[in-house]
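The entries below follow the order in which I checked them.

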4 protein chains.
Amino acid sequence: MPLKYLVILGSVRDNRNGLRVSKFILEKLSHLPHEFKLLDPLELNLPLVRTPLHFFKDPKEAPQILHSINKDIVDSDAFLIVTPEYNQSIPPALSNLLNYFPPASYAHKPSAICCYSISMFGGIRCSIQLRGMLIELGSVSIPSLFSISKVTEALNEDGTANDKTMDERCDKFLKQLEWYAMAIKEHKKTIPPS
Amino acid sequence: MPLKYLVILGSVRDNRNGLRVSKFILEKLSHLPHEFKLLDPLELNLPLVRTPLHFFKDPKEAPQILHSINKDIVDSDAFLIVTPEYNQSIPPALSNLLNYFPPASYAHKPSAICCYSISMFGGIRCSIQLRGMLIELGSVSIPSLFSISKVTEALNEDGTANDKTMDERCDKFLKQLEWYAMAIKEHKKTIPPS
Amino acid sequence: MPLKYLVILGSVRDNRNGLRVSKFILEKLSHLPHEFKLLDPLELNLPLVRTPLHFFKDPKEAPQILHSINKDIVDSDAFLIVTPEYNQSIPPALSNLLNYFPPASYAHKPSAICCYSISMFGGIRCSIQLRGMLIELGSVSIPSLFSISKVTEALNEDGTANDKTMDERCDKFLKQLEWYAMAIKEHKKTIPPS
Amino acid sequence: MPLKYLVILGSVRDNRNGLRVSKFILEKLSHLPHEFKLLDPLELNLPLVRTPLHFFKDPKEAPQILHSINKDIVDSDAFLIVTPEYNQSIPPALSNLLNYFPPASYAHKPSAICCYSISMFGGIRCSIQLRGMLIELGSVSIPSLFSISKVTEALNEDGTANDKTMDERCDKFLKQLEWYAMAIKEHKKTIPPS
């Protein structure tokens, strides 16, 4: 059963290391029998959220781009978020993007976090906050976490890894995401979630 | 498909309000076509953990009670934790109990949190910490949370509710737990999680 | 010893309830023998942070508005943050604003959080994440928290309270902020923090 | 102005690495012009908290050991907590010890966290939860954190460090604790906190 993954980037910073991480991840995904799409907040260039999509009384008044992104979220079977941490917290570009859309769009879909930093801590403090946010949005946060410490040493700019354990850890992580995405998608066919 | 729930209490305090909450929850569970078992840290009376079960070099040297509890965890399909918060945090009786056992025993099973307090906040700060702990143990924390504010007003000592919304919220919460427990149990039959 | 407070709003949402909260707080501050200034992300209208002030190689290349806000932060003795929570998390307008400036600007100054929501939970989940962020920025998060549950019932649009306990709680909260701000400002005169 | 530090250990596990960490810290403290005392939950051997000290109607009925520990907490000017993380969370031996005593005993005193682990993450996830708990108890959590990654490589069993940066980081950390402890103690002489 083919799945649709939505990969969401967290950073819009100049010289963001997220690009080498997303290259690494997307290359991995390209070998799986699934589809994937990338949401990059730098390209989307959304302003700070003043009215989330679901707060428009008349949905037609909402900008077309919000409908388009929402469709991507609704259509996907699983979320894969690639994010640094800014001051221990979720990057505003990421929380801003996620906040635009209703829990109904995220609900009953698994999400997986790939976090990174140039320090030893690999962005795990952001992952703690992000799990809380994803759960509030109704997504199921899979237990496995793919954290990348010292990201500029672990990955080259072209997204290749310097270290075999990176591949092994990522494969295991993606396997868990696939497992939960399939379990949930299958069960939805039998019993619609309420 | 019948499920096995393991209900775990968080408090051992004198006059704990957890008893009225667990009565309410257990009564609900008794109407479902599933089995359930209660783990009460007050009855188990485990000392502060010095050696978790999986740290014994020879498992035979571990106290029999640890093997027995571990079997309950391994045999169950889902966890339902009923807990207050002590100073914003996980009650030590609860973290002590959970810490005794290996992630392998909890992995690939959903967990649900029912938290309560006598204040308006309903123990939600404990739930944030507890989700982190459960995920680290490999359990999947379901998005739905059943928090009970002003617990002594919401529930009587015999576990009956003063308010219909309690029943509705609890039914919805248990339905989500059941949904995820079934999705995961079914999928395990097809593809063993790795 | 007069103090300088910097009041920072967290929301830019249309119809934000933060305005009634900030009116309430600013009225309280106007009776104290201190100065205060308001930072409103809606007025500042900063784009999503791509280059924080301290990441510019040549500070002169940074937008003037960043230098101006940074001066406000540096000049203040204490921070008072008035914020809702968006999906359990820090509003992106707030994290975006705070992320633009270096820890050196916030360090060794106390911060206090006034959080609010239309639910019973009063925004306390945001406060947990925000404390982590403020501490990472070097600010000392005072223990007292001023959370406002059911904010539209607790406060009128003009910032007046419907309930005496609001005044008492706020006065106590502001007193603790003053106490720590003075303790720290005094001690800086004797021993510069390192 | 001499200060009184209370050093509190978090672990009671067999073969706990906390001993090498506390040796390292206590040696550092022995060179400062301050007093310090150690609270070790393994020696105290308190049962899981059923009745905190302040919940006894007649304080005389509380065990003498609780009065004795409470006096240590009340008499101290600052807390220094040395702790691992168990499954991302506060060790139960530590939360159990802290929960026995009222916020009044901890209030208006700074606390500092030294966390450690055998992984790269140095126990920082525990520190996030612990800061929340300490703040709820009324203590001020200083921004500086002394986390020790790969603790068995960083410190020898006798508490000596293999690496100069350990000394530098610890000295800086202790200096910040001292600075806040002095600021607060001085200010209490002028204005009693309310």
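Entry 1: Does Ala107(C) count as buried, partly exposed or exposed? Before counting, I noted that this is a predicted model. I found 14 C-beta neighbours inside 10 Å of Ala107(C), so it counts as partly exposed; the buried class would need 20 or more. Ala107(C) sits in the loop that links helix H5 (103–106) to strand E4 (110–116) of chain C. I also took the distance to Asp158(C), which is 51 residues apart from Ala107(C) along the chain: the C-alpha atoms are separated by 34 Å.

**Entry 2: chains A and B.** I looked up how these two copies are related. Chain A superposes on chain B by a rotation of 180° with 0.0 Å of shift along the axis, at an RMSD of 0.0 Å. That is the relation of a two-fold axis.

I then listed the contact itself. It pairs 20 residues of chain A with 20 residues of chain B. On the side of chain A, helix H6 (124–136), strand E5 (140–148) and helix H8 (164–190) each give at least two residues. H8(A) has the largest share, with 7 residues. By type, I sorted this side of chain A into 11 nonpolar, 6 polar and 3 charged residues. Why do I say that the copies meet through the same surface? The reason is that 100% of the interface residues of chain A are also interface residues in chain B.

**Entry 3: chains C and A.** I repeated the check for this pair. Here, too, a rotation of 180° with 0.0 Å of shift along its axis places chain C on chain A, with an RMSD of 0.0 Å. In chain C, the C-alpha nearest this axis belongs to Pro92(C), 2.2 Å from it.

**Entry 4: strand E5 of chain A.** I wanted to know how enclosed this strand is. I count 8 of the 9 residues of E5(A) as buried, so the strand is largely enclosed by the rest of the structure. Strand E4 (residues 110–116) of chain A runs parallel to E5(A), and 6 bridges join them. As an example, I noted that Ile113(A) has Leu145(A) as its bridge partner in E5(A).

**Entry 5: the nonpolar core.** The largest nonpolar core has 228 residues. Among the residues with the most contacts inside it I listed Leu80(C) and Cys114(C). Leaving out residues up to four places away in sequence, Leu80(C) touches Tyr5(C), Val7(C), Ile25(C), Ala112(C), Cys114(C) and Leu177(C).

**Entry 6: Met120 of chain B.** Which residues does Met120(B) touch, not counting those up to four places away in sequence? I find Ser149(B) and Lys150(B), together with Met120(C) and Ser149(C). Met120(B) lies in the loop between strand E4 (110–116) and helix H6 (124–136) of chain B. With 16 other C-beta atoms within 10 Å, Met120(B) is partly exposed. Phe79(B) is 41 residues apart from Met120(B) along the chain, and their C-alpha atoms are separated by 25 Å.

**Entry 7: positive phi values.** Lys150(A) has a positive phi of about 45° and lies in the loop between E5 and helix H7 (151–154) of chain A. Lys150(A) has 15 C-beta neighbours inside 10 Å and counts as partly exposed. Gln88(B) has a positive phi of about 70°. Its place is in the loop between strand E3 (78–83) and helix H4 (92–99) of chain B. Is Gln88(B) buried or exposed? I count 22 other C-beta atoms within 10 Å, so Gln88(B) is buried.

Conventions
Residues numbered from 1 in each chain as written. Chains lettered and ligands numbered in written order. Predicted model: local features only at pLDDT ≥ 70, side-chain atom pairs only at ≥ 80, totals over all residues. Least-squares fit on C-alpha atoms with pLDDT ≥ 70 in both. Contact = placed C-beta atoms within 7 Å. Helix = DSSP H or I, 4+ residues; strand = E, 2+ residues; numbered from the N terminus. Nonpolar A, V, L, I, M, F, W, Y, C, P; charged D, E, K, R; others polar. Buried ≥ 20, exposed ≤ 12 C-beta atoms within 10 Å, placed from the backbone. Pairing = 2+ DSSP bridges. Core = buried A, V, L, I, M, F, W, Y, C linked by C-beta atoms within 7 Å.
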